Amino acid sequence: AGFGTYPGRKRGPVHPQTVTFPCPSCQRDVDLGERGLGGLFRNLTLERVVERYRQSIAAGAAIVCQFCKPPQPEATKGCTECRASFCNECFKLYHPWGTQKAQHEPTPPTLTFRPKGLQCPEHKEEVTHYCKTCQRLVCQLCRVRRAHAGHKITPVLSAYQALREKLTKSLAHILSSQDTVQSQIAELEETVKHTEV
């Protein structure tokens, strides 16, 4: 120890912090290096294709209200729970104030309604993993950030199954001891009555 050191250099081995990211195809972790996502190249060709697709969708057939009579006005809101697109008036009509449907959150109108998943409050991405260290759900972007470096992160499904097994065992234990507790309560009630007499 001490050989090869000079002012400004740390002693001992220096381990550069690396960031891993799961491959979308095979789900294996890929080392992104110290720079993380900032070190990746932008795929300009793919970005142009996506932009052209978005423009063609926007220029294509407009989404119309599914509840108005023809000629139907253009839809301004969608509802994932109702799986329908509405104009402003129909949205108010089918989601009256003070009812359960009034709690439905309006979304942009669309023709394909996907079930709404849990979203990361920080990045507005769908959560796909669970950080056991922080005990919170994380998205792909959270996972590659330094805030969760070195943390134990598992897919949401495996975390859900592990938690479900733990709760099932706890519930079985509680239910098995329920009869014992009920009999003890009955004995105590008898003792109270006997004492009162």
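The structure shown here is a predicted model. The volume of this second largest pocket is about 220 Å³. Helix α4, which spans residues 156–196, supplies six residues, the largest share of the lining. Rolling a probe the size of a water molecule over the atoms shows where empty space is left.

The backbone deserves attention next. Most residues other than glycine have a negative phi, and most peptide bonds are trans. Against this background, the bond joining Pro70 and Pro71 is a cis peptide bond, with omega at about -5°. Pro71 is placed in the loop between α1 (44–59) and β3 (77–79).

Arg83 is not a glycine, yet its phi is positive, at about 55°. This residue is found in the loop between β3 and β4 (84–86). Arg83 has a relative accessibility of 53% and therefore counts as exposed, since the cut-off for exposed is over 50%. Gln135, likewise a residue other than glycine, has a positive phi near 55°. Gln135 belongs to the loop between β6 (129–131) and β7 (136–138). Its relative accessibility is 63%, so Gln135 counts as exposed.

Across the whole structure, a search finds four aromatic pairs. One of them is the stacked pair of Phe67 and Phe86, with 4.8 Å centre to centre and 10° between the planes. This pair links distant parts of the chain, because Phe67 lies in the loop between α1 and β3 while Phe86 lies in strand β4, 19 residues apart.

Tyr94 itself counts as partly exposed, at 33% relative accessibility. Taken together, ring pairs link Phe67, Phe86, Phe91 and Tyr94 into a cluster.

Technical notes
Residues are numbered from 1 along each chain as its sequence is written. This is a predicted model: local features need pLDDT of at least 70, side-chain atom pairs count only at pLDDT 80 or more; totals for chains, interfaces and linings use all residues. Side-chain values use heavy atoms; hydrogens and water are left out. On a 1 Å grid over the protein atoms alone, a cavity is a set of points where a 1.4 Å probe fits but cannot get out, and a pocket is an open set with protein on both sides within 12 Å along at least five of seven lines; lining residues have an atom within 4 Å of a point. Grid points are joined across faces, edges and corners, and a volume is the space filled by probe spheres set on the points. Helices (H or I, at least four residues) and strands (E, at least two) are DSSP runs, numbered from the N terminus. Buried means under 20% relative accessible area, exposed over 50%, partly exposed in between (1.4 Å probe, protein chains only). Rings of Phe, Tyr and Trp (its six-membered ring) pair if their centres lie within 6.5 Å; planes under 30 degrees apart count as stacked, over 60 as edge-to-face and the rest as tilted.
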